[in-house]
Amino acid sequence: MNHLLKMNDLTPAELTHILDVADQLKAQQKAGGTPPLLAGKSVALMFSKTSTRTRTSFEVGVYQLGGLGCYMNAATELQAARGEPLRDTARVLGRYYDCIVWRTYRQSDLEELADYAGVPVINGLTDYAHPCQVLADLMTIRERRGPLAGQKLCFVGDGNNMANSIIIGGLLAGMRVTCVCPPAYRPAADVLGFARRYGADFELLADPKAGVRDADVVVTAVWNSAAAESETERRMRDFRGYQLTSRLLEGAKPGCMVLHCLPAHRGEEISNAVFEDHADEIFTEAENRLHVQKAVLAILLAGL
């Protein structure tokens, strides 16, 4: 593994290794502290979009590993915001830093950065993929429910970056994956092409009741982040019936897990009651962002 740009860059063995290292680092941190595996290393934390969990978990994670994490607002603080070519920014930062984390919009921009930086690049979120979040999801499921292989994972919501990444991550982990979304909000075509190679282990459905049936884990994410009022109104109509409610989850397995990448719009993609009933799982999922990201950094920069 040279970078972490999207889930389908990983092999099943690499995915499992990340989770194993994350478990080890989490146990060490709980026992008193993580070894300084990044001593003398510096990590650029570039953010073109707002962030709570990604920014803070990477800052804390680099610190706990003994490295230096430098936050920069790429939308306002770098010359790239004033027209410097991205490849020039990449070639400069790659000479100062040992690794670059970038939260941005276009996946193609992230991949250009990786092509020119000369150091490992980690996807902090793009419009196409959110691999760090899905690694945390899989870590949390494995902690709470044991081996991932054979479990049914159902995603309900917009076929966006979370859906793209959770489909691939779940299938790589040996899970049975169902994605439930309105027909106009399907995941990326290449993701569906990847998933169809897994045959009956993947389903794309439009009916939430059918999708959650016998699910071990149900995952959702915000589907109404549009700023325009007209877009909000359209999405509220299009996603009617896709909210995770207690009634909908009656069809899942007893004691099923519910995960949400946060921030949550209670009353839209998830009811307040379901959110609070599963808050411990959801906030453990958020905590595990720290541990899987430390694992990715340690693998890329310390050779674990």
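Buried here means under 20% relative accessible area, exposed means over 50%, and partly exposed lies in between, with a 1.4 Å probe and protein chains only. Helices (H or I, at least four residues) and strands (E, at least two) are DSSP runs, numbered from the N terminus. The model is a predicted one, where local features need pLDDT of at least 70, side-chain atom pairs count only at pLDDT 80 or more, and totals for chains, interfaces and linings use all residues. Residues are numbered from 1 along each chain as its sequence is written, and side-chain values use heavy atoms, with hydrogens and water left out.

Let's start with helix H2. In this helix, Thr 54, Ser 57, Phe 58, Gly 61, Val 62 and Gln 64 are buried. These residues lie on the same side of H2, because they cover an arc of only 160 degrees around the axis; the arc is that of the directions from the helix axis to the C-beta atoms.

H2 spans residues 53-64, twelve residues, and reaches 16 Å from its first C-alpha to its last, close to the 16 Å expected at 1.5 Å a residue. That expected span is 1.5 Å times one less than the number of residues in the helix. Gly 66 follows H2 and has a positive phi, near 85 degrees.

Next comes an open sheet of four strands, in the order E2-E1-E3-E4 and with parallel pairing. Strand E2 (68-73) and strand E4 (121-125) stand at the edges with a single partner strand each, so one side of each is left without a neighbour in the sheet. From one strand to the next, the twist averages 20 degrees. H2 packs on this sheet, touching strand E1 (42-47), E2, E3 and E4, and its direction makes about 175 degrees with that of E1. Contact means heavy atoms within 4.5 Å; axes are lines fitted to C-alpha atoms, for helices over the stretch in contact, and angles run from 0 to 180 degrees between N-to-C directions.

Strand E1 is mostly covered, with six of its six residues buried. Ser 42, Ala 44 and Met 46 point one way from E1, while Val 43, Leu 45 and Phe 47 point the other way.

| Strand pair | Parallel bridges |
|---|---|
| E1 and E2 | six bridges |
| E3 (residues 99-103) and E4 | four bridges |
| E6 (residues 176-180) and E7 | four bridges |

Leu 45 stands opposite Tyr 71 in E2, and Val 101 stands opposite Ile 122 in E4.

## Helix H4

Helix H4 (residues 107-117) has Gln 107, Asp 109, Leu 110, Leu 113, Ala 114 and Ala 117 as buried residues. Their arc around the axis is only 165 degrees, which puts them on the same side of H4. Helix H3 (86-96), E3 and E4 are among the elements that cover them. Just after H4, Gly 118 takes a positive phi of about 80 degrees.

## The five-stranded sheet

A further open sheet has five strands in the order E7-E6-E5-E8-E9, again with parallel pairing. Its edges are strand E7 (202-205) and strand E9 (257-260); each has a single partner strand, so one side of each is left without a neighbour in the sheet. Neighbouring strands are turned by 15 degrees against each other on average, direction ignored. Val 177 has Phe 202 in E7 as its bridge partner. Helix H5 (residues 131-145) lies across strand E5 (152-156), strand E8 (217-220) and E9, running at about 160 degrees to E9.

## Two residues to look at

Lys 26 is found in helix H1 (residues 12-31) and counts as buried, because its relative accessibility is 11%. Its side chain joins that of Glu 143 in a polar contact of 2.8 Å. A polar contact is a pair of N or O atoms within 3.5 Å; within protein, one must be able to donate a hydrogen and the other to accept it, and residues adjacent in sequence count only if both atoms are side-chain atoms. Not counting residues up to four places away in sequence, Lys 26 touches Met 139, Glu 143, Thr 284, Glu 287, Asn 288 and His 291.

His 265 sits in the loop between E9 and helix H10 (272-277). With 27% relative accessibility, His 265 counts as partly exposed. Leaving aside neighbours within four places in sequence, His 265 is in contact with Val 222, Asn 224 and Ile 270. The C-alpha atoms of His 265 and Pro 36 are separated by 38 Å, and these residues are 229 residues apart along the chain.

Technical notes:
Pairing = 2+ DSSP bridges.
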